[in-house]
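Try each task before you read its solution.

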Amino acid sequence: MIILDGKKTASDIKEEIAIEVANLLDKGGKKPHLAAILVGSDGASETYVKAKVKACVKVGFESTLVRFDSNVSESELLAEIEKINRNSSIDGLIVQLPLPKHIDEMKVTEAIIPEKDVDGFHPANIGRMALNLPTYLPATPAGILELLERYEVETSGKNCVVIGRSHIVGSPMSILMARNNNPGNCTVTLTHSRTKNLKEITKTADILIVALGKAEFVTADMVKEGVTIIDVGITRVKSDKTKSGWKLLGDVDFKGVKSKCDFITPVPGGVGPMTIAMLLKNTLISSKSQLY
Ligand code: NAP
């Protein structure tokens, strides 16, 4: 069993990015610049945005954080996005989700010009991904592909089962694993809450990608010997064994399944750290105008 170490791989990628940034600056170029918009003060969103800003500083990017109260109007938010769209010194823009209920998330996603959509959520970029055209891949799926590639996990001709069909993880993952690429070329089954006989399906998986948000949902009896498991889930549960009083659990019963796996991602330290690394990579690509 080999652990797909996202923490180490993300750290390697950040070092590679930092070297590229230093080279860009040496040649008289400018620092890549990521702008993030945060609405409200939700604890998890604060943590994610702070981690993104910190990562920008670490690799030598410039970053701008724009904060709004949770009662900001949709039009005010759209006006700020428009301003950043027109600001040529900013290469990438992300709006931390979820947004308050009175704001239409899809309208906000579509307002970011595809050229600066480094989260890869804009319908134009999702379409380009589906057509296998150069684009910004959504960060979490991109991080999973990067892990599979760097650990040389064979995907061609394999059965890949994805649990969960969210727009940010499950759906794009199913498209990416089916594309005529490496990693890719899988025979993909996308499952969700209406899927019948899930266990029969997961037992056919050579590669199982789990993103449903239910702690330790996948158990040893649901997988076959030699499977590769990518655990995307993050659930915070109370713990009397940690200093903080909390611990993170994945969607997979890691201890129970690991002896059956060829490869597996841990939680924490698997997919999570890769997500930010890929956001930085997309911003670097944008700053070099390599896509559009
Ligand atoms: P989500 O929007 O929470 O949706 C959950 C998906 O799981 C839905 O498609 C749902 O089906 C499906 N589902 C729920 N119960 C199921 C069941 N019993 N059997 C099969 N499918 C079931 O998904 P998400 O945003 O991708 O988040 C999933 C997890 O990944 C969460 O724990 C989240 O925190 C984590 N996450 C981690 C990262 C990272 O960087 N590591 C990034 C994003 C998300 P329906 O569509 O039918 O409702």
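**Exercise 1.** In which helix do Lys83 and Glu80 both lie, and how many residues apart are they?

*Solution.* Keep in mind that this is a predicted model. Start with the location: both residues belong to helix α3 (residues 74–86). Then check the contact: Lys83 and Glu80 form a salt bridge, with the closest N and O atoms 3.7 Å apart.

**Exercise 2.** Find the spacing of Glu82 and Arg86 in helix α3, and say how exposed each one is.

*Solution.* The two are four residues apart, so about one helical turn separates them. Their closest N and O atoms are 3.3 Å apart, in a salt bridge. Glu82 has 36% relative accessibility and counts as partly exposed. Arg86, at 60%, counts as exposed because the cut-off for that class is over 50%.

**Exercise 3.** Work out which parts of the chain the salt bridge between Glu16 and Arg150 ties together.

*Solution.* First, the contact: the two side chains meet at 2.9 Å, N to O. Glu16 lies in helix α1 (residues 6–26) and Arg150 in helix α6 (residues 139–150), so the bridge ties together parts that are 134 residues apart in sequence.

**Exercise 4.** Decide whether Val252 is buried or exposed.

*Solution.* Locate Val252 in the loop between β10 and α9 (254–257). Its relative accessibility is 3%. Buried means under 20%, so Val252 counts as buried.

Note on methods
Residues numbered from 1 in each chain as written. Predicted model: local features only at pLDDT ≥ 70, side-chain atom pairs only at ≥ 80, totals over all residues. Heavy atoms only, no water. Buried < 20%, exposed > 50% of the residue type's maximum accessible area, 1.4 Å probe, protein only. Salt bridge = Lys/Arg side-chain N within 4 Å of Asp/Glu carboxyl O.
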